[in-house]
Amino acid sequence: MTGRRRKLMKELIVVGGGAAGMMGALCAARMGAKVTLIEKNEKLGKKLYITGKGRCNLTNACDTADFFKNVVSNPKFLYSSVYGFDPQAVMSFFEELGLKLKTERGNRVFPDSDKSSDVIRALEQGMRKEGVEILLNTTVEKINTENGAFSSVTVENKDRKCLKADACFIATGGLSYASTGSTGDGYRFAKEAGHRITDVFPSLVGLKCEGDLPSRMEGLSLKNIELSARIEKKVVYREQGELLFTHNGVSGPLILTLSAKFTKKLAASGAELFIDLKPALDREALDARILRDFNEAANKMFCNSLDKLLPSSMIPVIVELSGIDPQKRVNSVTKEERKRLLELIKAFPLTVTSIGGYNEAVVTKGGVDVKEIDPSTMESKLVRGLYFIGEVLDVDALTGGFNLQIAWSTAYCAALAFTG
Ligand SMILES: Cc1cc2nc3c(=O)[nH]c(=O)nc-3n(C[C@H](O)[C@H](O)[C@H](O)COP(=O)(O)OP(=O)(O)OC[C@H]3O[C@@H](n4cnc5c(N)ncnc54)[C@H](O)[C@@H]3O)c2cc1C
């Protein structure tokens, strides 16, 4: 490349070598920019590596219109970027990089190898091919501006120095799983540049519950149950699906969705949960079913009569909560006692005391206020040449590949805008 050509190339610094940063750097380099990617860890994509339990659910092959139903915060802000680089485009992009993909239940897209490391490798090889300079073990300390425009970043590695460029993408992620490198630096950069940061919370996260009931059933996964959540005396959520008991509360798909939709309320006032263990049976049908089981086990003790109805680790808990003498013969359980048992099966109660921490949250809710970001470019409305992409923004979605799609789409959008 001649000196003159290099000079004509627009120069870009990308801060953060996660999903959004790698996509932004690769696309901008392909579109003709000279790109330097700065990552504080010793390797790229540490969080990407643990996504989808190590398999990386990298997008969701749904209609783009359906995509927005799964975005919890600020879906409208994402219209332009997601329509510009939608799930189908993301799938083609990775397949062109040589990554074979497969689509599973719920339209979840994974690498055919089931290895998130293959996603990282594809992006890294793509970047190297396009000549992206990758600086590892290098922390950006400060974003410098001049006359309302981005000017340089100050980095901290062996020696503190300033790196200049025409523009900068902030792709530093949120606050969840800090051990992967997302420690909220981007919020500080945004604040220093004059941006507002909305309140941040752990989201897609387990909930802590009162008492020792969950821990007594730790590891038990309930399938096909119906969960209702009551917050401030109002039922705000009722869904069927899967729930998991943990050492201090509950988790699993239903709970993660609940946590994403009602994060702030749950954090402020907790909730009452009710689990319907037999949603396919109404109270009358369930009573008939219990009577049938009792008749078949007429001479058994009550505590030994529930194994056809309930998972084994739940039986001692339900027996205790029912107040029925565990040693009592089932043929002498009274109608009143049976009613108490039935209520526990239809509405097993738990009290949520708080939401889980960032160390177990899949995403961070909140972030750089999207009102101050141009949705068609991801550029700051306050500082020219400063772009925000990925989880650092106040956008988040449900599980299913939607959060990574947000990272890819916002990154592509910024790359196109910067080089266009
Ligand atoms: C356990 C888990 C499983 C998940 N599974 C899925 C899934 O299957 N599908 C899905 O869609 N989403 C999933 N997510 C969410 C998804 O991983 C994130 O939404 C996504 O990684 C956000 O990408 P990002 O590039 O914005 O941030 P990150 O991936 O967090 O990347 C930020 C990068 O910036 C670097 N950095 C930060 N500050 C600095 C600094 N000052 N200087 C230099 N570098 C810096 C960090 O080291 C990090 O590498 C999962 C999340 C977790 C925690």
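With which side chain does the side chain of Ser 73 make a polar contact at 3.4 Å? The partner is the side chain of Lys 365. A polar contact is a pair of N or O atoms within 3.5 Å; within protein, one atom must be able to donate a hydrogen and the other to accept it, and residues adjacent in sequence count only if both atoms are side-chain atoms.

This is a predicted model, in which local features need pLDDT of at least 70, side-chain atom pairs count only at pLDDT 80 or more, and totals for chains, interfaces and linings use all residues. Residues are numbered from 1 along each chain as its sequence is written, and side-chain values use heavy atoms, with hydrogens and water left out.

**Ser 73**

Ser 73 sits in strand 4, residues 71-73. Strands here are DSSP E runs of at least two residues, and helices are H or I runs of at least four, numbered from the N terminus. Ser 73 has a relative accessible area of 10%, so Ser 73 counts as buried (under 20%, with a 1.4 Å probe and protein chains only). The side chain of Ser 73 also makes a polar contact with the side chain of Asp 396, at 2.5 Å.

**The ligand**

The shell around the ligand holds 36 residues, each with a heavy atom within 4 Å of the ligand. Ala 20, Glu 39, Asp 185, Glu 391 and Leu 404 come nearest. By class, the shell has 14 nonpolar, 17 polar and 5 charged residues. Helix 15 (402-419) is among the elements that supply at least two residues each. Helix 15 gives the most, with 3 residues.

Taken alone, the ligand exposes 1000 Å², and the protein buries 95% of that.

**The second largest pocket**

The second largest pocket contains about 190 Å³ of space. Its lining includes Lys 43, Tyr 49, Arg 121, Glu 124 and Thr 180. Helix 3 (46-50) and helix 7 (116-129) each supply at least two lining residues. Helix 7 gives the most, with 4 residues. By class, the lining has 4 nonpolar, 3 polar and 4 charged residues. Helix 3 also supplies at least two residues of the shell around the ligand.

Conventions. 1 Å grid on protein atoms, 1.4 Å probe; cavity = no way out; pocket = protein on both sides within 12 Å on 5 of 7 lines; lining within 4 Å. Points joined across faces, edges and corners; volume = space filled by probe spheres on them. Nonpolar A, V, L, I, M, F, W, Y, C, P; charged D, E, K, R; others polar. Areas by Shrake-Rupley, 256 points an atom, 1.4 Å probe, with all protein chains shown as cover. Buried < 20%, exposed > 50% of the residue type's maximum accessible area, 1.4 Å probe, protein only.
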